[in-house]
Amino acid sequence: MMIAVFIVLLDMIGFAIMLPILAYYALQLGASPGMATFCMALYVIGMFFSTPVWGRLSDRYGRKPILMISLAGAVFGYVLLGFATAVWMVAVSRLFSGLMAGNLSVAQAYVADVTTEQDRAKAMGMLGAAFGISFIVGPALGGYLAGDSFADANLQLPAMVSGCLSLAALLVVIFFLKESLPDGGDQPRSAPSSKEVLSWIGGRRSLCLLLAAVLVYNLAAGFVESVFPIWADATDIAHGPKDLVPVLLAAGIAMVIVQGGLIGPLTRAFGERRLMRAGAVVFGISVILVTLAGSIASVPAVAAALVAQAVGAALVLTSMQSLTSKEAVAGNRGAVMGVYNALGTLGRGLGTALTGAAFAGIGVHSPYYLGAALMGLLLLIAFMLRTPRAETAEPVSSQAVT
């Protein structure tokens, strides 16, 4: 399991390197704020279409080969981004990278394959901790590589470093990762078709609610996270990529502490559903506090609010992942996690695509108000959840994929 976590860590550090500067990559090439955030959204839009496919293919052909393909695609996408000389090249590189980004749902399925239900939340927390560490190391490294000014930032070097990290993750998969599914022999494993998976999901109320929850959460996250560098510039919180490092660093450390160390004991004490509710409340309150801190241009206050936001995000994300993996069964886990991540990326893509327009057309703080309202909806969904279906639930039909 730890090898899978390490693979995700390497790949996500590469992704996080670009977070403080990707919008300005497009702005530097002549894009408007709306177009810049739309370029960012293309990545998650590509993920929306690809993750269910990668997940289902991993059920059929195994986790390892799908991880290899997706990581190889990530390397090519970063190289294309690094050599972009026009906005459309940035857009194409992000869309391609999103289409190849099947590693998250496959890694989640891999971890679920090799853990018991009792250890599932802790294991998903380890994956979450890898995300948290990536959001500590990645933005700091990206800001350092890009330089002190948004106007003349070095954007090619961070993209190349991200590509190298994805290449390193690919080599780890090739040489060290063992397949988690039983050997299927010379023939592909039997796996449910997309229609069968969707029909099976439709008959499970709690799973449908969890899929609605991940859509709502990521819509909120898309509104508040992708606009942050532009918002920080507009509110005088930051004047260059390096200025974003301290606040993002603080948030990343908080997420690592919760997901890497606290989520296991908290889950045993309170359960995933209560933690999901608490996370929605904390996230919603914290994004309002971000706007208040921005109104007075207080960097320490913004950092504190982002720490609280990261804690809320860690509780929500880990709880939703654990509950969803428990609803799935061995024969369709990759496909279910693929649908889960596809809906998450749809929400993230919509939020990211719309946040620039809201920022410019409604008001500087409007993306954060929208994010808080969506947390209220997520809290309602969390209260509707019942105890997750047991692992021994009736399995989905395992006919060959057509």
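Okay, let's start with two helices: α6, residues 103-113, and α15, residues 333-361, pack at an angle of about 140° with their axes 8 Å apart. That angle makes α6 oblique to α15. A quick word on terms: the axes are lines fitted to C-alpha atoms, for helices over the stretch in contact, and angles run from 0 to 180 degrees between N-to-C directions. Angles under 35 degrees count as roughly parallel, over 145 as roughly antiparallel, 65 to 115 as roughly perpendicular, and the rest as oblique. Helices are DSSP runs of H or I with at least four residues, strands are runs of E with at least two, and both are numbered from the N terminus.

Before I go on, this is a predicted model, where local features need pLDDT of at least 70, side-chain atom pairs count only at pLDDT 80 or more, and totals for chains, interfaces and linings use all residues. Residues are numbered from 1 along each chain as its sequence is written, and side-chain values use heavy atoms, with hydrogens and water left out.

Back to our pair. α6 passes α15 in a right-handed crossing. Right-handed says that the near helix is turned clockwise from the far one by less than a right angle, and left-handed says anticlockwise. Which residues in α6 and α15 meet? From α6 we have L104, S105, Q108, A109, A112 and D113, and from α15 we have R333, G334, M337, G338, Y340 and N341. Contact here means heavy atoms within 4.5 Å. By class, that contact has five nonpolar, five polar and two charged residues. For the classes, Ala, Val, Leu, Ile, Met, Phe, Trp, Tyr, Cys and Pro count as nonpolar, Asp, Glu, Lys and Arg as charged, and the others, Gly among them, as polar. If you're looking for a pattern along a helix, remember that an α-helix has 3.6 residues a turn, so residues three or four places apart point the same way.

Is α6 enclosed or open? It is largely enclosed by the rest of the structure, because 10 of its 11 residues are buried. Among them are L104, V106, Y110 and V111. Buried means under 20% relative accessible area, exposed means over 50%, and partly exposed is in between, using a 1.4 Å probe and protein chains only.

Now zoom out. The protein chain has 16 helices and zero strands. Of its 402 residues, 59% are buried. Take the contacts between residues at least 6 apart in sequence: 85% of them join residues at least 24 apart.

What about the core? The largest nonpolar core has 123 residues, and M18, Y217, F228, W231, M320 and L378 touch the most other members. A nonpolar core is a set of buried Ala, Val, Leu, Ile, Met, Phe, Trp, Tyr and Cys residues joined through side-chain atoms within 4.5 Å. Follow Y217 for a moment: leaving out residues up to four places away in sequence, Y217 touches E225, F283, A313, V316, L317, M320, R348, M375 and L378.

α15 has another partner to look at. Helix α10, residues 205-225, packs with α15 at about 30°, with their axes 7 Å apart, and that makes α10 roughly parallel to α15. α10 also passes α15 in a right-handed crossing. Their contact divides into 15 nonpolar, seven polar and two charged residues. While we're in α15, find G356. G356 is buried, with a relative accessible area of 3%.

One more helix pair: the axes of α3, residues 33-61, and α4, residues 63-82, come within 7 Å and cross at roughly 140°. That makes α3 oblique to α4. In α3, W54, G55, L57, S58, D59 and Y61 meet R63, P65, I66 and I69 in α4.

Last, a few single residues. S322 is in helix α14, residues 299-327, and is buried with a relative accessible area of 0%. Beyond its neighbours within four places in sequence, S322 contacts R120, A121, M124 and E272. D236 sits in the loop between α11 and α12. Is D236 buried or partly exposed? Partly exposed, because its relative accessibility is 49%. The phi of D236 is near 65°, a positive value in a residue other than glycine.
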